[in-house]
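This report describes selected strand pairings and a helix contact. The sequence and the structure are shown below.

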Amino acid sequence: MRRTVPVREYLAALAAELELRDDHIRRWSVDTLYVGGGTPSRLGADGVAELLDLLRGRFTLDEAAEITIEANPEDVTIPAVRHWRTAGVTRLSIGAQSFEDGVLAWMHRTHTAAQITSAVEAARAGGIANFSLDLIFALPEALERNWRDDLQSALALDPPHVSLYGLTVEPATPLHRWRERGMVHEAPDERYEAEFVRAHDLLVAAGYEHYEVSNYARPGWRSRHNASYWRRVPYLGLGPSAHSFDGTRRRWNLAAYAGWERAVSGGRDPLAGEEVLTGEDHRMEECYLGLRTDAGIALTDDIAARVQLWIDAGWAWRDGARLKLTAAGWLRLDALSVDLTHTSSCC
C-alpha cells in the first residue's frame, strides 16, 4: 500500500484517458457510476469530488444516477460523507471484511472492528443511507474465525446491502506464497459450503433478498450497478486493469498503475487485451449470468429433462416458466452452467 496517495497524478492520468476516449464517451448517458478498485476513498473528500466533476465533464450523468464509491471504514467520517454526498455520491461500499480484529490484522487491513461500526454511523449521520458491507468467508481454519458471530455483528448494524466473498488465493500474492510454503491452508470445500449456506440462511431469515450469488439486499436496496453487469448492459471502465464492454467486444486496460499512467500520459491507449464475443459466447454468458441471479433462465422444453436432475438434487427450482438455482445450486454454478450450455440450446 502506498504511504502517500498520488491524487494529482492519478486525476491527471484519468483525464488523459478520458481525452483518448472523448468521441465515444460523449454519446453515453450514464445511469450508474461505480468508483472502485484500490479503494478510492483514499483520494480524500476533495479528490473524490474532483474525480466526479471530471467525469461529469465528459459524459451525461442521469439526474437519478446511482453513484457508488468503495471506502475503507477508517476513511468514512461524517465530514467526508457530507462532502461525498454534496459531490453527488449516493451509495457507499464499505470494505468491512470481518468484525474480528485478529482476522483484520492477518488480512493487513488498517481498520479495526470498532471502526466499521463508526463508519456505518458516520454514513447515516452524513446523509448516505444506501451502503453495503463487504465480508469475506472461508478463511484459513487456523485463524479460528467465528463466521456466525461476524454475520450477527453485521446484522446488528442493519445494513441495506451485504456482499459476501469466499477467500480465493491469487497467484503472486503473499497468501499464495504462504500456501506454497505450507504456512496456511485454504478452507476445505465442505467448510466453504457450510459457511455459504449459513450466511444464506441467516440473512434470508433476517429479511434480505439473496438476489445474486454474492449479494443480499433489503427489499428496494439492490445495487443497480451490479445488476447492470448481470444483464450484460454495455459499460465503460477507466483506470488500471479496468474492463469495458460495448455489447460485442470486451477490452481491458494494463493492470499495473505505472504502465497505465505512462501509456495515457503519452497519449497511447492503455489496452492490455480484448476479445470479440461470438454468438456462442453470448449464449453461454447469458446462461451463466442468468443462473447466477434470482431472475434465473427461461425453462424451455429442451432443457427440462436435464434440469430435473438439478431439481431432484435440491440445486434448482421451478418458478413458473423460469428455472432458478437454490443456494446449494449457486455453489455449483460453474459446473451447472457448463453442463447446460454444452448439452442444450440454453438461453
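## Strand pairing

Strands E3 and E4 (residues 131–137) pair in the parallel sense through four bridges, where pairing requires at least two DSSP bridges between two strands. Ile94 has Leu133 in E4 as its bridge partner. E3 also pairs with strand E2 (residues 60–71), again in the parallel sense and over four bridges; here Leu92 in E3 is the bridge partner of Ile69. Strands (E, at least two residues) and helices (H or I, at least four) are DSSP runs numbered from the N terminus.

## Burial of E3

Strand E3 (residues 91–97) is mostly covered, with seven of its seven residues buried, that is, under 20% relative accessible area with a 1.4 Å probe and protein chains only. Leu92, Ile94 and Ala96 point one way, while Arg91, Ser93, Gly95 and Gln97 point the other way.

## Contact of H7 and H9

The axes of helix H7 (residues 147–156) and helix H9 (residues 189–205) cross at roughly 30° and come within 10 Å. H7 is therefore roughly parallel to H9, a term for angles under 35 degrees. Axes are lines fitted to C-alpha atoms over the stretch in contact, with angles from 0 to 180 degrees between N-to-C directions.

Trp147, Arg148, Leu151, Gln152 and Leu155 in H7 meet Glu195, Arg198, Ala199, Leu202 and Leu203 in H9, contact being heavy atoms within 4.5 Å.

## Basis

The model is predicted: local features need pLDDT of at least 70, side-chain atom pairs count only at pLDDT 80 or more, and totals for chains, interfaces and linings use all residues. Residues are numbered from 1 along each chain as its sequence is written, and side-chain values use heavy atoms, without hydrogens and water.

Definitions and conventions. Parallel < 35°, antiparallel > 145°, perpendicular 65-115°, else oblique. Buried < 20%, exposed > 50% of the residue type's maximum accessible area, 1.4 Å probe, protein only.
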